[in-house]
Amino acid sequence: FRDFTSYELAKSWWPHLESQLELIPDALFSWTSKFRAARDVVKKEVLFLVGHPATHDYDEIRTDRPYLCLSGSSAPGRSGRSAPQQYAKLGGALKALGLPVIFVETCVWDGFLRDAGRLAGLPVVAHSGPVIGLGGLLAGAEVYITGRYHPSIMASTGGVPCVFLGSNSHKTSSVQELLGYPGIREYCSCPGDDDIVRI
């Protein structure tokens with residue numbers, strides 16, 4: 001099992017198999033050196049993020065200075081709020097802190113970030129980019145705000161702290177436990193105005 005929560009659940013479901021159950025962190029951690037090397041490349045050349053077909057304009061993206069990354073969650077629609085508008089508000093609030101903010105699609109379900117980017121006037125990196133390049137982008141951020149499991153691992157390989165949004169399971173709380181976060185906290189997968197202030 002890749003995390004403590006899944007491991008403990010399995011032990012409670014199958015106590016007779018406990019001696020055969022094992023906790024093994026996600027294999028993506030073994031790509032640490034790849035993401036760190038990609039981080040250095042992305043800081044010099046943003047075009048390393050462009051996938052095929054090139055669907056986004058990368059002229060506004062600056063990776064040669066400190067920046068923040070923001071992605072979606074596996075459950076942004078559960079709150080009943082409009083995800084593009086709320087993520088645009090969050091992006092705008094983060095931008096007001098003084099660092100560039102980059103929306104990062106992690107899969108096709110993060111497509112709503114394109115609308116959020118337009119509303120907030122912030123750049124969006126497409127999910128079609130090379131996984132090593134996207135991992136390097138996340139591993140080079142100052143902070144990563146996300147409700148995604150594997151992208152948070154990519155960021156952590158560069159020592160990047162994450163602010164976690166909720167997801168469709170225990171994965172964003174369990175990855176915090178796995179990474180040794182001192183206080184495990186999740187914000188709403190589609191942050192409301194109060195969440196945005198706290199984030």
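Here follow questions and answers on the sheet and cores of a predicted model.

Residues are numbered from 1 along each chain as its sequence is written, and side-chain values use heavy atoms, with hydrogens and water left out. In this predicted model local features need pLDDT of at least 70 and side-chain atom pairs pLDDT 80 or more, while totals for chains, interfaces and linings use all residues.

Biologist: In what order do the 5 strands form the open sheet?

Modeller: Strands are DSSP E runs of at least two residues, helices H or I runs of at least four, numbered from the N terminus. Two strands pair if DSSP finds at least two bridges between them. The edge strands, β3 (124–125) and β5 (162–164), each pair on one side only. Pairing is parallel, and the order is β3-β2-β1-β4-β5.

Biologist: Which residue in β4 is the bridge partner of Leu-68?

Modeller: Strand β1 (residues 68–73) runs parallel to β4 (residues 143–147), and 4 bridges join them. The partner of Leu-68 is Val-143.

Biologist: What angle does the direction of helix α5 make with that of β2?

Modeller: Axes are lines fitted to C-alpha atoms, for helices over the stretch in contact (heavy atoms within 4.5 Å). Angles run from 0 to 180 degrees between N-to-C directions. Helix α5 (residues 131–139) touches β1, β2, β3 and β4, and its angle with β2 is about 145°.

Biologist: How many residues has the largest nonpolar core?

Modeller: Such a core joins buried (under 20% relative accessible area, 1.4 Å probe, protein chains only) Ala, Val, Leu, Ile, Met, Phe, Trp, Tyr and Cys residues through side-chain atoms within 4.5 Å. Ile-102 and Leu-137 are among those with the most contacts inside it. The largest core's count is 28 residues.

Definitions and conventions: Buried means under 20% relative accessible area, exposed over 50%, partly exposed in between (1.4 Å probe, protein chains only).
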